[in-house]
Amino acid sequence: MSKRSTVAVEIARDAGAFALSFFERVGGLVIEDKGPQDFVSEADKAVELRVRAAIEQAFPEDGIVGEEHAPKPSQSGYTWVIDPIDGTTNFITAIPAWTVVISIVHEDKAVIGVTFDPIHDEIYTAIKGEGAWLNGAPLRGPADASLARGSVGTGFSNRVDPDGVRRLIDEVLKADGVFHRNASGALSLAYVAAGRLLGYVEEHMNAWDCLAGQLLIAEAGGRVEVQSADDMIKHGGRVVVGSAGVFDELVAIADAAYTA
C-alpha cells in the first residue's frame with residue numbers, strides 16, 4: 001500500500017505537468033465530441049497513455065481502468081482507476097479548474113486516492129484507514145456545518161434526465177443552501193474533503209471521477225454513501241457526500257430530487 005501510494009503520487013504529478021504542457025497551447029488542440037457537453041481532447045488521450053505506461057512499468061500485474069482507453073484486467077487484485085483530465089470542458093476553454101485523478105481499488109474498495117490540481121499545485125491524497133492530506137498536511141472536514149453556511153457542489157451529465165438536477169437545485173435552495181458547479185466533479189469532491197464545500201451531489205458519476213474523492217472525504221472525517229467500487233467501475237452511480245453536519249439532509253435532498 002505504501003509503495004503504491006508513493007508511486008501514485010509520483011505518476012499524478014508527472015501526468016499533471018504533462019497535461020499543463022497541453023494546456024499552455026490549448027487553442028491548437030484536436031478536440032472530439034463524445035456527446036452533448038461531453039468532449040475529449042488529444043491531451044486526455046496522451047496523458048492517459050503516459051499514466052498507463054508508468055503504472056505498467058511499476059506494477060505490471062495490476063489492472064487499469066481509464067476513461068479514454070480499454071481496460072486491462074488485474075492479475076494482482078489491485079486495479080488503478082484513472083481520469084487523465086477531469087474537467088475537460090474547462091481544459092479546452094482555458095478555464096483553470098481541472099485535475100488528474102487516480103484511485104486504486106482492492107477487494108471491492110478504493111484503498112488509495114490521489115487528486116492533483118497542477119494549476120494550483122495542490123495534491124490531495126488518501127489511504128484507507130490512514131487518513132487524507134493536502135500537500136502533506138492532514139485534512140479534517142468540519143463536523144458541525146449547516147446548509148445555510150456554505151455551498152453544495154453538484155454536477156450534470158448527458159447520462160441523466162436534466163429534470164433531476166433542476167429538482168436538486170430547487171431542494172438545495174429551499175433548504176437555505178447555495179449550489180456550486182465548477183465542471184470538475186473530482187475537484188469538487190476534493191474541495192469537500194478540504195472543507196471548501198459542504199458536500200457534493202450528482203445523480204450519476206463514473207468511477208474514475210469519484211472513487212478517489214469519496215475516499216478523500218471519508219478519510220477526512222466526512223460521510224459517503226456506501227458503494228461497491230467494482231460495481232461503480234462497471235456501471236457508475238449516484239454520489240452523495242458531505243460533512244457530518246449536512247450528510248443526512250443531502251441524502252434526503254437527493255432522494256427527493258432523483259425519485260420525483
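Analyst: A pocket is an open set of points on a 1 Å grid over the protein atoms alone, where a 1.4 Å probe fits and protein lies on both sides within 12 Å along at least five of seven lines; lining residues have an atom within 4 Å of a point. The model is predicted, so local features need pLDDT of at least 70 and side-chain atom pairs 80 or more, while totals for chains, interfaces and linings use all residues. Residues are numbered from 1 along each chain as its sequence is written, and side-chain values use heavy atoms, without hydrogens or water.

Start with the second largest pocket. It holds about 350 Å³ of space. Its lining has 14 residues, and K128, V224, E225, V226 and Q227 lie closest to the centre. By class, seven lining residues are nonpolar, two are polar and five are charged. Helix α6 (207–219) and strand β6 each supply at least two of the lining residues. The largest share, five residues, comes from α6. Helices (H or I, at least four residues) and strands (E, at least two) are DSSP runs, numbered from the N terminus.

Strand β6 spans residues 109–117 and pairs with β5 in the antiparallel sense over seven bridges. Two strands pair if DSSP finds at least two bridges between them. H106 stands opposite K109 in β6. The two strands form a hairpin, with two residues between them. In that turn, E107 has a positive phi of about 50°.

Strand β5 covers residues 99–106, and seven of its eight residues are buried (under 20% relative accessible area, with a 1.4 Å probe and protein chains only). Strand β5 also pairs with β4, residues 78–86, again antiparallel and over seven bridges. Here W80 stands opposite I104 in β5.

Strand β4 contains Y78. Y78 counts as buried because its relative accessibility is 15%. E61 is 17 residues from Y78 in sequence, and their C-alpha atoms are 8.3 Å apart.

One more element is worth a look. Helix α2 runs over residues 42–58, and its buried residues are A43, D44, V47, E48, V51, R52 and I55. Seen down the helix axis, these buried residues fall within an arc of 160°, so they line one face of α2. The arc is taken from the directions from the helix axis to the C-beta atoms. An α-helix has 3.6 residues a turn, so residues three or four places apart point the same way.

How values were computed. Buried means under 20% relative accessible area, exposed over 50%, partly exposed in between (1.4 Å probe, protein chains only). Grid points are joined across faces, edges and corners, and a volume is the space filled by probe spheres set on the points. Ala, Val, Leu, Ile, Met, Phe, Trp, Tyr, Cys and Pro count as nonpolar, Asp, Glu, Lys and Arg as charged, and the others, Gly among them, as polar.
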